[in-house]
Amino acid sequence: MNVDWQAFTPWTALGGGALIGLATALYLLGDGRIAGISGIVGAPLRALLRGRLSEIDRPQPWFIAGLLAAPWLWRLCGGAAPGLPAVSTAMLVGAGLLVGVGVRMGNGCTSGHGVCGLSRLSLRSLVNVLAFMAAGVASVSVVRHLLS
Amino acid sequence: MRQLIGFLSGLVFGIGLLLGGMADPRKVLAFLDVGGAWDPSLALVMGGAIAVAMPAFALARRRRSAWSGDAMALPANRRIDARLVGGGLLFGLGWGLAGYCPGPALVALGSGSAGAAVFVGAMLVGMSVHDAWLARAAPPAPTAPTAPR
């Protein structure tokens, strides 16, 4: 294993993680809900498509608004804009479709199963995390080391 | 109150993703590239998040209701089946192709990235396709069950 120490950013990673944990704790203790992004996006989307706007859990669109507003506050505090995707538009479309289907089928993603599930010591979430980590590593390995 | 908690949670969550490097797809791909020049940073994002969230979940288990007055809605689903694993595999495959998972993609969209907009659009289509045609006949228990209101 060849660690790229030049790219390693342990302190900002831990700090960012702590903020994510803090936000998760706020949403949990404040509203009694799991801060799982795929559910927070997927549930209102499903209600919208079925024309049942009254079924939308009101905090969810506000959580999404917070996520969308975060870069604005981040830049105000002097943060650099996040890097741009390194792949083609066709690849972004394919990846987005896979992620969309996968997170709804598995009922969660990096936040719901990862942060929340592992924090709750849920075996179900651990199984999902191991599956998406293995597939993520395999996907990068194939694209970077087998195809190129 | 509930809306404010939602907005603040999303805002702090997004700042955390930006600070931690999760919203940078190149950094995500470097984290998943275990066989290449591996950048382990993002493991510490997960570690830091769990270290803070775990005591909160321990506290939440002892409470019946949240500050908003709503009942605690912790997932009760413990089923481990093909959909859980298959969904994880499909998600991981897509994550490794683009370097975006749902939260960071939304944050990158908020920062004005056209690539993230393409990804989020496709992700919403994928979610809708699943819910319309691939979901179980009886809807599965949602990750965050919502009380009728």
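Two residues are in contact if their C-beta atoms, placed from the backbone, lie within 7 Å.

**Before selecting anything**

This is a predicted model, in which local features need pLDDT of at least 70 and side-chain atom pairs count only at pLDDT 80 or more, while totals for chains, interfaces and linings use all residues. Residues are numbered from 1 along each chain as its sequence is written, and chains are lettered from A and ligands numbered from 1 in the order in which they are written.

**Stop 1: chain B as a whole**

Select chain B. Residues 24 or more positions apart supply 43% of its contacts with a separation of 6 or more. From the N terminus on, the order is α-α-β-α-α-α-α. The C-alpha atoms of chain B occupy a box of roughly 45 × 35 × 30 Å along the principal axes. Of its 149 residues, 55% are buried. A residue is buried if 20 or more other C-beta atoms lie within 10 Å of its own, exposed if 12 or fewer, and partly exposed in between, with C-beta atoms placed from the backbone.

**Stop 2: chain A as a whole**

Now select chain A, which has six helices and one strand. Here the order from the N terminus is β-α-α-α-α-α-α. The box filled by the C-alpha atoms of chain A is roughly 50 × 35 × 35 Å, again along the principal axes. Buried residues account for 55% of the 148 residues of chain A.

**Stop 3: where the chains meet**

Display both chains. In this interface, 112 residues of chain A are in contact with 116 residues of chain B. On the side of chain A that touches chain B, the elements giving two or more residues are β1 (2-3), α1 (10-31), α2, α3 (59-76), α4, α5 (110-119) and α6 (123-146) of chain A. The greatest contribution to that side comes from α1(A), with 21 residues. By class, the side holds 66 nonpolar, 36 polar and ten charged residues; Ala, Val, Leu, Ile, Met, Phe, Trp, Tyr, Cys and Pro count as nonpolar, Asp, Glu, Lys and Arg as charged, and the others, Gly among them, as polar.

Next, select β1(A) and strand β1 (residues 37-38) of chain B. Two bridges join these strands, which run parallel; two strands pair if DSSP finds at least two bridges between them. Asn2(A) stands opposite Ala37(B).

**Stop 4: Gln3(B)**

Gln3(B) lies in helix α1 (residues 2-20) of chain B. Gln3(B) is partly exposed, because 16 other C-beta atoms lie within 10 Å. Apart from neighbours within four places in sequence, Gln3(B) is in contact with Arg58(A), Pro59(A) and Trp62(A).

**Stop 5: the largest nonpolar core**

A nonpolar core is a set of buried Ala, Val, Leu, Ile, Met, Phe, Trp, Tyr and Cys residues joined through C-beta atoms within 7 Å. The largest such core has 85 residues, of which Ala23(A), Ala105(B) and Phe119(B) touch the most other members. The element that gives the most to this core is α1(A), with ten residues. Select Ala23(A): beyond neighbours within four places in sequence, its contacts are Ala35(A), Ser9(B), Val12(B), Phe13(B) and Gly16(B).

**Stop 6: helix α4 of chain A**

Select residues 89-105 of chain A, the 17 residues of helix α4. Twelve of the 17 residues of α4(A) are buried, including Leu92(A), Leu97(A), Arg104(A) and Met105(A). The buried residues of α4(A) pack against α2 (37-49) of chain A together with α4 (82-98), α5 (102-110) and α6 (114-134) of chain B.

**Stop 7**

Asn107(A) follows α4(A) and lies in the loop between α4 and α5 of chain A. Its phi is near 65°, a positive value in a residue other than glycine. Asn107(A) counts as buried because it has 28 C-beta neighbours inside 10 Å.

Finish at Leu121(A), in the loop between α5 and α6 of chain A. Leu121(A) is not a glycine, yet has a positive phi of about 55°. Leu121(A) is exposed, as 11 other C-beta atoms lie within 10 Å.

How values were computed
Helices (H or I, at least four residues) and strands (E, at least two) are DSSP runs, numbered from the N terminus.
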